[in-house]
Every structure is written in structure tokens, then in C-alpha cells.
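Please walk me through this structure.

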Amino acid sequence: MYAAAMQKRVDSTASSQAPAQRGPRRGSGPSGEDSADRDQLLVVDDSASDRLLIRRMLADGATVGLKLVEAETAQDALELLRSHRVACMVIDQGLPDMTGLDLLNMLANIEPVGLVLISGGMDVALSRDAIRQGAHDVLAKDDLDPARLSLSIHAAVGSARVRAQMAEHAQRLELFFALADECRDYLFVVDMSTGYIVEANIEVRRITGTDRAEVHRGSLNAQRLFAAGPVGWQRLRASIEYYGHATVELEMFNGPGRRMPIEIRARRVTYGPRQYIICVGREVSRERGLAREVIRLRDPDLETGLPSADAFQAELDRCWNWAMNDDTALVLIVLAMADIAGQAGEATPDRLVQVGQALLGTVRRSNEFVGRLEDGRFAVIATGGDEVAARGLADRLRGQVRTASIHDPRSPVGHSLVNAGIAVGKPSDLGSVSEFIDLAQRALQIARSDENPSAVHLIAV
């Protein structure tokens with residue numbers, strides 16, 4: 001019905017083009033045939049004359065790189081899609097087995113291809129519906145010309161490639177999120193400018209009580225992760241700003257009233273105008289316990305089985321650095337028994353082993369470490385404690401030592417001669433490790449000079 005008008009436009013356009021443009025198209029073999037693996041343009045129209053006119057419009061390089069194939073019905077087009085590599089489809093609205101809109105709707109769940117709908121006349125509602133269903137352009141047959149058709153096809157191909165890339169990117173993201181949720185580490189991404197977490201895996205969402213939608217809405221602030229609050233976030237951010245990457249230990253909340261030490265490996269990345277921190281956190285309680293067991297086995301005190309004074313000093317230095325980074329308090333408890341500290345010759349080997357095993361059985365938490373000092377004294381370091389917790393721990397330790405003393409029938413010492421000196425404070429307030437140790441030793445001296453032979457003295461800074 002529109003064949004005469006289209007033929008006139010084709011003839012006028014063809015006559016104005018230079019003969020050189022009618023040579024073999026790019027990609028043609030020696031026989032002039034297109035290569036079989038080339039991206040193809042599928043024209044879907046039940047009118048043979050209209051298909052011929054479209055082919056002539058697109059001749060002479062108008063669709064460089066695309067090989068034209070034809071289908072008369074929507075069903076034929078779907079079959080060709082399964083066996084051909086189609087980059088774009090030009091679809092007539094008036095097909096014999098369904099409308100062009102119906103075919104567009106069926107193509108929505110198929111791999112993205114460029115889509116151009118042609119119709120006998122322009123209709124605003126038709127154009128709106130076609131665009132909503134994925135068509136890049138809607139053209140009227142009576143106004144069709146080679147330049148406009150070629151431009152629409154190339155634009156549709158480009159749009160389809162972008163959609164394909166976006167779909168592939170979305171699939172990769174979903175795969176990444178699925179893998180991240182399977183990981184038992186704590187994975188999250190923080191916007192450096194705002195301090196809000198923009199993505200987090202299921203472990204982070206679990207301990208913060210949020211879901212992915214809340215994270216994407218910007219409801220989760222990085223400060224909520226760290227027990228130190230703003231201080232923990234500021235320390236992580238400062239390290240990233242200075243070095244670009246960091247490995248720090250911080251305490252994170254793990255439910256109401258519960259904390260856990262986390263080793264965070266973080267790196268700064270730039271995406272567009274924004275900078276982000278990609279963080280991978282791992283609970284270090286088990287690793288720390290294994291590391292401490294290695295220290296104890298590698299450098300033990302031969303008389304008690306506890307870590308030696310050198311091993312305890314190494315762990316104290318590590319805990320000091322950790323508490324300095326997290327701006328949290330340390331507790332140092334020094335225990336002394338009268339017969340061991342003052343008259344070491346009277347202590348039996350069995351007695352020392354019993355005391356050592358009793359202390360090891362008491363100090364089992366991931367934030368506690370016990371060792372033997374010189375002159376028969378014992379020491380325990382605990383991170384993240386306060387005065388109340390320190391006194392409670394000291395009482396448990398003294399109780400275990402008293403029990404070990406009573407079980408030794410040769411011990412001349414009663415259960416009342418166990419003194420404890422306690423020092424509590426933050427590294428930023430204490431000054432240095434040596435000053436921290438001196439403070440605990442001074443507290444022990446005050447306790448031992450008390451009229452009560454089992455006194456405990458605490459000095460808090």
C-alpha cells in the first residue's frame with residue numbers, strides 16, 4: 001500500500017549516490033557473500049514488496065557490518081533468533097500471527113537486541129507502548145527514508161549493546177553478592193565523604209540488624225559497627241586517607257552487650273567523583289587464641305607451663321598497640337603469693353604446675369592472656385575492661401590460686417595469702433607500657449602492705 005511512495009524515495013536516493021559506494025560491503029568474501037558469523041539485521045514483515053524496499057533502502061553501506069535476513073511472521077522471527085546472531089530487528093506492526101507490540105512483549109525476556117517498530121501511520125499511544133516495551137524508535141512507513149531508517153537501526157544496536165552490558169553487569173553483581181553472602185567474613189563498603197555504608201554482606205547486616213534495602217537507603221552508619229563509635233571510624237578513615245590502605249583491629253558489636261575483636265583490611269578506591277573504603281573484617285578471637293597457644297608452646301615457663309615473662313611482654317605490647325588503635329581500656333592484674341613471691345625455695349614443683357593450670361583454666365576469653373613474671377608473680381592482661389570487670393576477674397583468679405594451694409598437702413600457705421594489684425586505663429592516658437606495668441606493681445605493693453593479707457588494690461587512670 002505504501003510501496004509506490006517507498007519505491008520513489010529509494011530510486012531518488014540511489015540515483016544521487018556515487019557509484020563507488022555500490023562496491024562490495026565490508027566483510028564480504030571473494031564471492032561477495034557476507035561471512036556467516038556476522039551480526040545480522042532481521043526484517044520482520046509479511047509484505048515481500050515492503051521487505052524488498054527496506055532492503056534497497058539499506059543497501060550501499062547504510063548498515064555496514066550487518067547482514068540482512070528476513071521473516072514473514074513473528075513465529076519465523078523467533079525461530080531465526082534461536083539460530084542466528086541478530087543485532088537488530090525491524091518489526092512491522094501489522095503481522096499476520098500477532099501485532100508488532102505483541103512480539104516486542106515476547107522479546108522482553110530474550111537477550112537484548114535493537115528494536116525498531118514500523119507502522120502504517122504514526123500513533124502516539126502506539127509509540128508510547130512500543131517504547132515502554134523496549135523499542136528504540138517507532139517509524140511511519142509513509143515517512144520512511146534511508147537516512148532516518150539507517151540512523152534508527154544503528155542507534156538501536158548501540159542501545160541494545162548498552163542494555164546487554166548492563167544486564168551482564170547486574171548478573172555479575174548478583175553473583176558477587178551471592179558469593180559475599182556465603183562468606184563468613186564481614187564485607188562492607190563505606191562512602192568516605194559521608195561515613196555511611198553503601199553495601200554490606202549478610203554478616204554485617206546480621207550484627208547491625210539491617211536488611212539490604214535499608215543499607216541501600218543509607219540507613220547504616222559505619223560508626224554503628226564499631227564499639228568505639230566515632231573514634232573507631234575516625235581511626236580507620238585517618239589510616240586510609242594517609243596510606244590508602246590499612247590493617248587495623250577494632251571491636252565490633254555482636255549483639256546486645258557483646259563485642260568481638262575484628263581485624264579489618266581496608267583499601268581506598270575511587271569511583272567517579274566519590275571515594276570509598278572497601279573493608280574485609282575477620283573475627284580474630286580464634287586466631288588470637290591460636291596465636292597465644294603458639295606463644296605458650298614455643299616459649300613456655302618450664303615450672304608452670306604458662307607463657308614466660310618474655311612471651312607475656314610480647315603479648316602485652318601487642319595488646320597495647322591494639323588498645324591504642326581502638327582507644328579502649330586495658331586491665332593489668334599482677335598476683336603474688338607469699339610463699340612463691342617471698343620464699344620461692346619453699347614452693348614445690350607440683351604446686352607451681354597446679355597454680356599454672358588453674359590460671360590457664362580461668363583465663364579462656366579471647367581478650368585475656370596470662371603469663372608468669374619474675375620473682376614468682378603472675379600477670380593477666382585483658383583488653384576492653386573496666387574497674388568492675390577487673391575486680392571480678394581478679395577475684396576469680398585469686399579463687400583459683402587459693403584452690404590450687406589447698407589441694408597441695410605440702411603447702412604451708414593458707415588460701416588467704418594471695419594479693420592482687422590492678423591497673424586500669426587507656427594507653428593514651430597511661431603513657432607507655434613500662435609505666436602501665438609500674439602502676440600495676442605499685443598497686444600490688446599497696447595491697448601487700450595492707451593489714452589484710454589477701455587485699456586487692458586497684459589504680460585507675
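Helix H4, residues 100-107, has its buried residues covered from several sides. The cover includes strand E1 (40-44), helix H3 (74-83), strand E3 (86-92), strand E4 (114-119) and helix H5 (124-132). Which residues of H4 are buried? They are Gly100, Leu101, Leu103, Leu104 and Leu107. Look down the axis of H4: these buried residues fall within an arc of 160°, so they line one face of the helix.

This is a predicted model, and confidence should be read alongside it. The mean pLDDT of the chain is 78, and 79% of the residues reach 70 or more. Two stretches call for care. Over residues 1-36 the pLDDT is below 50. That stretch still has 38 contacts in the model beyond near neighbours in sequence. Residues 408-416 also have a pLDDT below 50, with 15 contacts in the model beyond near neighbours in sequence.

Now take the chain as a whole. Its secondary structure comes to 16 helices and 15 strands. The chain has 461 residues, and 46% of them are buried. Consider contacts with a separation of 6 or more: 63% of them join residues 24 or more positions apart. The accessible surface comes to about 23,100 Å². Carbon and sulfur atoms hold 51% of that surface.

H9 runs over residues 230-243. How far apart should the ends of this helix be? At 1.5 Å a residue, its 14 residues should span 20 Å, and the end C-alpha atoms are 20 Å apart, so expectation and model agree. The buried residues of H9 are Gly232, Trp233, Leu236, Ser239 and Ile240. Seen down the axis of H9, the buried residues fall within an arc of 130°, so they too line one face of the helix. Strands contribute to the cover here. Among the elements over the buried residues of H9 are E6 (186-191), E8 (245-253), E9 (259-271) and E10 (274-283). After H9 comes Gly244, with a positive phi near 90°.

Move on to the loop between E8 and E9, where Arg258 is found. Arg258 is in contact with Met252 and Phe253, leaving aside its neighbours within four places in sequence. Ala227 is 31 residues from Arg258 in sequence. In space, the two C-alpha atoms are 9.4 Å apart.

Next, the aromatic rings. How many aromatic pairs does the structure hold? There are two. One is formed by Phe312 and Phe369, and it is stacked. The ring centres are 6.1 Å apart, with 25° between the planes. Phe312 sits in helix H11 (residues 309-326) and Phe369 in strand E12 (residues 368-372), so this pair links distant parts of the chain, 57 residues apart. Both Phe312 and Phe369 are buried.

The other pair is Trp320 with Phe436, and it is tilted. Trp320 lies in helix H11 and Phe436 in helix H16 (residues 433-449), so the pair ties together parts that are 116 residues apart in sequence. Why does Trp320 count as buried? Its relative accessible area is 7%, and the cut-off for buried is under 20%. Phe436 is buried as well, because its relative accessible area is 0%.

Asp310 is found in H11. Is Asp310 buried or exposed? Asp310 is exposed, because its relative accessible area is 62% and exposed means over 50%. Asp310 and Gly371 are 61 residues apart along the chain, yet their C-alpha atoms are separated by 9.1 Å.

At 8% relative accessibility, Arg51 counts as buried. What does Arg51 touch? Not counting residues up to four places away in sequence, Arg51 touches Val43, Asp45, Asp46, Glu70, Ala71 and Glu72.

Terms used
Residues are numbered from 1 along each chain as its sequence is written. This is a predicted model: local features need pLDDT of at least 70, side-chain atom pairs count only at pLDDT 80 or more; totals for chains, interfaces and linings use all residues. Side-chain values use heavy atoms; hydrogens and water are left out. Helices (H or I, at least four residues) and strands (E, at least two) are DSSP runs, numbered from the N terminus. Buried means under 20% relative accessible area, exposed over 50%, partly exposed in between (1.4 Å probe, protein chains only). Contact means heavy atoms within 4.5 Å. Accessible areas come from the Shrake-Rupley method with a 1.4 Å probe; for residues, only the protein chains shown count as cover. The expected span of a helix is 1.5 Å times one less than its number of residues. The arc is that of the directions from the helix axis to the C-beta atoms. pLDDT is the predictor's confidence in each residue, from 0 to 100. Rings of Phe, Tyr and Trp (its six-membered ring) pair if their centres lie within 6.5 Å; planes under 30 degrees apart count as stacked, over 60 as edge-to-face and the rest as tilted.
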